[in-house]
Amino acid sequence: MKQQIIKAIEAYQVIYIYRHERPDPDAIGSQAGLAALIKANYPEKQVVLMGEDDESMHFLARMNKDTDEKPSGDALVIVCDTANTERIDGEGSEDGGKRIKIDHHPEVESYGDISWVQTESSSTCEMLVGLALEGESVFKWQIPADAARLLYAGIVGDTGRFQFSNTTPETLRCAAEMLEYDFDAAELITRFYKSEEKLVRFRGEVLTNFTLTGNGLGYMYITNDMLERYRLTVNESSAVINSFSDTEGLKAWVFFVEDTENQNYRVRLRSKGPVINEVAQNHNGGGHPMASGAKAKDKKETEDILEELDMLCKSYKETPDK
Ligand SMILES: [Mn+2]
């Protein structure tokens, strides 16, 4: 599979790389990390990063903002970290000569002439470390330090600094491989986790006011009024998603963010045990078993979601402390 992908990269002069909308460090790291690998090893190729430019990700990469071109039949399209075509950020990913999917999410929609999906990987960046190492051993690829930095960043992001249950021995081996290269990992992590003052204060509001049910469901409504008070966008508010995750007795938690622009609620679900992505799928969303997103059209639907999640928490048996 990896060799098949590298051969496709070799066969095309123009390569468009996409990732999912509202990108996280794994989306950006995989997209820009793959671009850096291609540019280092095939300098004559043209690589275009597709999707909205996101300022909060500039410490990792910028998009090719000045381009409104789209792939044509003689271009290769690679989509990173995106389970279904609806979530692809940017137009035209179906217009290339060939489309490749590289992803670690549970398969929501199978797409791509080549589809490489590895749900046991912590991150798409972990998969791309495998691709880079295959390129190195079979195709004499060089791995530039900026690619190593980006791939490392994506692994750190999706594993929460190697703390989440998706961290495997292979994850650490891949991260260790990237640390061999010349970049400042400590500086990267500091930039990753520093928070603006308004976010720190907003976190204080969440920590003070979230609700915890008797069944172990934590929840918090983020009103538009709150967003305005802290001068935050709906997207920025996601930074506090794990702020009370260490609360004793908490099994799963959910944030409802009032999105006045789209007249609905952005729903962010997280879990430490109960499988919550089925609830997300019932409400216009999806994602991982322990981390999902959904949309609720009104307050009533948020209450339905709360009830479904609370029932899941109630029936979930925690493994006793060892
Ligand atoms: Mn990911």
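I took buried to mean under 20% relative accessible area and exposed over 50%, with partly exposed in between (1.4 Å probe, protein chains only). The model is predicted, so I kept to the stated thresholds: local features need pLDDT of at least 70, side-chain atom pairs count only at pLDDT 80 or more, and totals for chains, interfaces and linings use all residues. Residues are numbered from 1 along each chain as its sequence is written, and side-chain values use heavy atoms, with hydrogens and water left out. Helices (H or I, at least four residues) and strands (E, at least two) are DSSP runs, numbered from the N terminus.

**Helix α6**

I looked up α6 (residues 185–193) and found Ala-185, Leu-188 and Phe-192 buried. Seen down the axis of α6, these buried residues fall within an arc of 55 degrees (taken from the directions from the helix axis to the C-beta atoms), so they line one face of the helix. On the other side of α6, I noted Ala-186 and Thr-190 as exposed. The buried residues of α6 pack against α2 (25–41), α4 (145–159) and α5 (169–179), where contact means heavy atoms within 4.5 Å.

**Six-stranded sheet**

I then followed the open sheet, whose six strands come in the order β6-β7-β8-β9-β11-β10 with mixed pairing; two strands pair if DSSP finds at least two bridges between them. Each of β6 (211–212) and β10 (286–287) stands at an edge with a single partner strand, so one side of each is left without a neighbour in the sheet. β10 runs antiparallel to β11 (residues 291–296), joined by two bridges, and Gly-286 stands opposite Gly-293 in β11.
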